[in-house]
Amino acid sequence: MYEIIWHGRGGQGVVIAAQMLAEAAYLQDFRGVTSAPTFGPERRGAPVAASTRIAQEEIRIFSQIEAADIAVVLDESLFRVVDIYSRLRKDGALIINSRKPLEKWETKGDCRLAVVDAAAIALRHHLSKEGAPVVNTPMLGAFARATGLVSLDNLEKALNHKLPPGQGARNFATVKAAYEETKLGDKP
Amino acid sequence: MNDVQIMTGNSAAAIGAKLSAVQVVAAYPITPQSQLAEILSQYIEGGELRAEYVRVEGEHTALTVCISASTVGARVFTATSANGLLYMHEQLHWAAGSRLPIVMCCVNRGVGAPWTIFNDQQDSLAQRDTGWIQIYCRNNQEILDTVIQAYRIAEAVYVPVMVCYDGFVLSHTMMPVAVPAAARVREFLPPYQPHTILSPEDPRNLNPVLFPWRRENSAGVLCDGYMEMRYKLQAALEKTPAVIQETNRDFASVFGRDHGGLFWEYLTEDAEFYLVGLGSMASEATKAADMLRQEGIRAGTVGVRVFRPFPAQALREAFQKARGIVIFEKGISYGYEGPLCSDLKAALYRAERQAPIHNYIAGLGGRDVKARELADAARASWQAMEKGIHEQPTSWLNCFTG
């Protein structure tokens, strides 16, 4: 089983991203998938998290993830306010939306790092919501690249299923761009 | 054949109600049930479900509308949580006493005070003695399927059914759910044919004050008194386990999914140590049983689906070979112990072997309960039981006070 935590801020779409990943993973023949928001009320701009579990067999546990295999961070300023590492395995994968290049990131433990400038990709594709670049969908492309768990084809299907008609194609363009532009650290 | 969609527990319940072709819905929104009420109102407004949605000013009225609509022969649905359910309490008794086949979802949430919106099962457990059938679900597929089954059961025995599932843990978590075809559900669950309908053509005086003894009505027919009518409710509940099992078997043969009837078992074939619970925590406990198995403890899990009527005899048989039982509960009968624990102990009173039973209260007010923690508690109990410690005070898992 793979456990994934999505870190973002209220309004950035971590819950939708966690759901779209679950959809894509199910299409990828993972029989067990779950996605859950952080339970309770949410506030715009406040740190929020969502989770996805992916497994070959039906999932029987619904408790919150303690130590994720993969953490996806939509907003790098969260490192200052949330202890991202405390809920990530020491050898887990960390996928960050950042303008700061991969080489300049220092990570704790043995975690594998992937970095992509998702905000720049969203702006390049004129994908913004209420003035802010839409970063949740490009981060799905970064996820696919960094983990190999879901294909671009299945992400495209999940996007088209989840998003209102007409928005799928534009969002998928950012997924593809992020897939291509994600830089991977050299740790195995 | 089956259309699999990835959905929340609330969506699964709404689809279950839609496929059951309910005719009247009355619900008042409350977290974590709100989505369910919203989705149903959308179905009705959009014409997907031909039903009347009655807006009400509170839960007491929501159930009153359901009671009235059911009395005139409609298939009705409502849903609530926590303090909303408590506000319905009087009408819960009324619905069961009137022998109306109402189905309600209780999206389990802790009750105030102190205020919480998060999950435990104190709300529905506290309604144990209202005369309703209570079924607890362990995942979203079971929620959808159980709502459909609930109408078959309720309409067979004329007792209302409460379908309980954990707030947020299931209500807001998405997972794959196979949605059965509407035509096949219609075959499994034909339109409701009530034995009596109140109508202007056939006016009746229902539920008048009864005097302590039986009495002749105006036509000279000797009618049941209060005790006779209450006895009949109990008698209906006593025959309900067989109806639930038959419904479960039929459902499994039509739709290919068997949720276990009265309870479900996991790795119990050679088990000597049992982890027992209701709803999603019992599902979590299957993982705990896996962990204990890896350490050489022959552990299994029993998830009790039907809490009322309590399947005492079937559980007594299931635990025949038990050398130890731990019961995890998201609720307590304050001043004593977990209600499932008390009931199970009573059920085993006549068993040949009295397995030691330890009781853990866990996950109140949404406190997370992990498989690892269930395994730790169960292991400690098993070791104590092996040393002959058959009784221990009810323990509160992950509770930091004292």
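This note goes through some features of the structure above, point by point.

1. The structure is a predicted model, in which local features need pLDDT of at least 70 and side-chain atom pairs count only at pLDDT 80 or more, while totals for chains, interfaces and linings use all residues. Residues are numbered from 1 along each chain as its sequence is written, and chains are lettered from A and ligands numbered from 1 in the order in which they are written.

2. Chain B is assigned domain 1 (3-188) and domain 2 (264-396), with bounds that come from an automatic or database domain assignment. The centres of these two domains of chain B, taken over C-alpha atoms, are 27 Å apart.

3. In chain B, 23 residues of domain 1 are in contact with 19 residues of domain 2, where contact means that the C-beta atoms of two residues, placed from the backbone, lie within 7 Å. On the domain 1 side, α6 (122-125), β6 (133-136) and β7 (161-166) of chain B each give two or more residues, and β6(B) gives the most, with four residues. Helices (H or I, at least four residues) and strands (E, at least two) are DSSP runs, numbered from the N terminus.

4. Six strands of chain B form an open sheet of mixed pairing, in the order β11-β13-β12-β15-β16-β17; two strands pair if DSSP finds at least two bridges between them. Because β11 (263-266) and β17 (395-396) of chain B stand at the edges with a single partner strand each, one side of each is left without a neighbour in the sheet.

5. Within this sheet, β12 (273-277) and β13 (299-304) of chain B pair in the parallel sense over five bridges, and L275(B) has T301(B) as its bridge partner in β13(B). Helix α10 (280-294) of chain B packs on the sheet, touching β11, β12, β13 and β15 (324-329) of chain B, and its direction makes about 175° with that of β13(B); such angles run from 0 to 180 degrees between N-to-C directions, with axes fitted as lines to C-alpha atoms, for helices over the stretch in contact.

6. Is strand β16(B) enclosed or open, and why? Five of the five residues of β16(B) are buried, so the strand is largely enclosed by the rest of the structure. A residue is buried if 20 or more other C-beta atoms lie within 10 Å of its own, exposed if 12 or fewer, and partly exposed in between, with C-beta atoms placed from the backbone. I357(B), N359(B) and I361(B) are buried on one side of β16(B), and H358(B) and Y360(B) on the other.
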